[in-house]
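This report describes selected features of the structure shown below.

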Amino acid sequence: MQFGIFSVGDVTPDPTNGRTPTEHERIKAMVAIALKAEEVGLDVFATGEHHNPPFVPSSPTTMLGYIAARTERLILSTATTLITTNDPVKIAEDYAMLQHLADGRVDLMLGRGNTAPVYPWFGKDIRDGISLAIENYHLLHRLWREDVVDWEGRHRTPLQGFTSTPRPLDGVPPFVWHGSIRSPEIAEQAAYYGDGFFANNIFWPKEHFQRLIGLYRRRYEHYGHGSADQAIVGLGGQVFMRKNSQDAVREFRPYFDNAPVYGHGPSLEDFMAQTPLTVGSPQQVIDRTMKFREYFGDYQRQLFLMDHAGLPLKTVLEQLDILGEEVVPVLRKEFAALRPAHVPEAPTHASLVAAARAKADEAEAAR
Amino acid sequence: MTARPAGGRTVAVVSAGLGQPSSTRLLADRLAAAATAALRDLGADTEVVTVELRDHAHRMVDAALTGFAAGALRDAVETVTGADGLVAVTPVFNASYSGLFKMFFDLLERGSLEGMPVLIGATGGTARHSLVLEHAVRPMFAYLRAAVAPTAVYAASQDWGSGGSDGADGLTERVARAGRELASLVAARPPARDRRGAGDADPYEDPVPFERLLASGGQ
């Protein structure tokens, strides 16, 4: 099972002192957080993509390429890549380039994006959101698998004799996760291709995500990629830890109360009861995360949101130390002990290359 | 009209009154009682379930900010959207419905009141505000594609002291007429519990197959 962190990349004032980091500070902080993730033994760093203030990560492959050069093992991913408003041709090129530079340590998560003005800013219509996600990904999927593509669709200039370069590393495209918080169409899409499905469950109650993930698992089996419990599921999580849970609550409360997403709404206690947010001791985080398996089945990737709500970099790095030293090692062991043998790990470049070779050998033997 | 076979019906009552006791709730109860009596005449037993929005005030703000209704508010939403008919009553504030009243309906999923028989009512200090029902409340339910009964009932303070049945258009008569209209709208539809699963497919249980999504451009 893979453990990692994902960042929205928001520039948010620290409510305890009113200080707002500059964009430069925030960008450098994201890099420092990614490097820390590798240092403490996490598997994945994923950055969001945004095209409006107060968010900085408009250019994920630039940032991930830089992080790739400074890390050895960390998988670089996104959370999410906008499949609606980005040109799928440019996604194919950018992420194939990143995949080569990072020696295969790359996957990506596709999402529609929910900031209405981004669509018209990039020449699209938000009412076409699902349609764009379906058609653009269909093209992206082909661009990475067919050397020469002829293509015509509703949302983009047609292509005749187009070759996306560089070709994917070792002929194996980056693994793709489809992210959704509510659209059954996206779960269906992920299931159809046998891709991963990431349910960003951090802001809503579990009952909703049980239905969404249940749908993805059933349809994954329906499309013949394996049994429902072999489908590739990723989940979010949101935690703040101190050795004593009361200290964690005391320190995190002002950040919670003023957070851009849910601040000035429910109490910290209500939100913890209703969503996966866990503010407490490392053991409480372990217990809560183990519950995800009971709710959603054995899954392959757990990403935590750690750098948000204006938390200072120093605090985030401390949190990553706790996560890497006290939480993830226990979770790795406990999840591994419970996982049935037929449930796969999340695909990596190495495992996808091995699978492609095995398939080629099989075809060879059959001839 | 012909009564459909008798069966349990549910009428949900949404009252946005703030006082305790509240004249808005008083009107809501009388409208529900009139609808129930009329439904009984049509052969249907009716259960009335009342949602006092004041009880959910904090959770409604939370839901507006977080995007999900939690706990008792979620139950209230399900009560309303799963009912056979709805009585919705608001006090008049600043020439419109109250903020609390609007906030509740803003939380409902799109389409969840489509075709719902609704009886609207409002209360206020003087009868001069009575057209709020026609200019503000009815258009909101029209937007939600609910089936709003022709008679909307406004109760001014003075109405509570007027004789009930002396005039042709006293509060009692208006309430009774509105109740009959809601009852006939409710009785004309199959019970909500039989409709479920028939017309509206659950997209999480029964998704649009991918080939169709792709062929139709995802629409």
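## Fold and contacts of chain B

In chain B, 78% of the contacts with a separation of 6 or more join residues 24 or more positions apart. The model is a predicted one. Eight helices and seven strands form the secondary structure of chain B. A compact globule of 219 residues would have a radius of gyration near 17 Å, and the 18 Å of chain B agrees with this. Further values for this chain are tabulated here.

| Property of chain B | Value |
|---|---|
| Box filled by the C-alpha atoms, along the principal axes | roughly 65 × 45 × 30 Å |
| Share of the 219 residues that is buried | 40% |

The contact between the two chains involves 24 residues from chain A and 17 residues from chain B. On the chain B side, the elements giving two or more residues are α2 (57-66) and α8 (210-215). Of these, α2(B) provides the largest share, four residues.

In chain A, helix α8 (residues 245-258) has 14 residues and spans 20 Å from its first C-alpha to its last, close to the 20 Å expected at 1.5 Å a residue. A bend of about 45 degrees occurs in α8(A) at Phe252(A), with a proline, Pro254(A), following within four residues. Phe252(A) is also buried, as are Ala248(A), Tyr255(A) and Phe256(A) of this helix. The packing partners of the buried residues of α8(A) are β10 (233-241), α9 (268-274) and β11 (278-280) of chain A.

Conventions. Residues are numbered from 1 along each chain as its sequence is written. Chains are lettered from A and ligands numbered from 1 in the order in which they are written. This is a predicted model: local features need pLDDT of at least 70, side-chain atom pairs count only at pLDDT 80 or more; totals for chains, interfaces and linings use all residues. Two residues are in contact if their C-beta atoms, placed from the backbone, lie within 7 Å. The radius of gyration is taken over C-alpha atoms; the globule rule is 2.2 Å times the number of residues to the power 0.38. A residue is buried if 20 or more other C-beta atoms lie within 10 Å of its own, exposed if 12 or fewer, and partly exposed in between; C-beta atoms are placed from the backbone. The expected span of a helix is 1.5 Å times one less than its number of residues. The bend at a residue is the angle between axes fitted to the seven residues ending there and the seven starting there.
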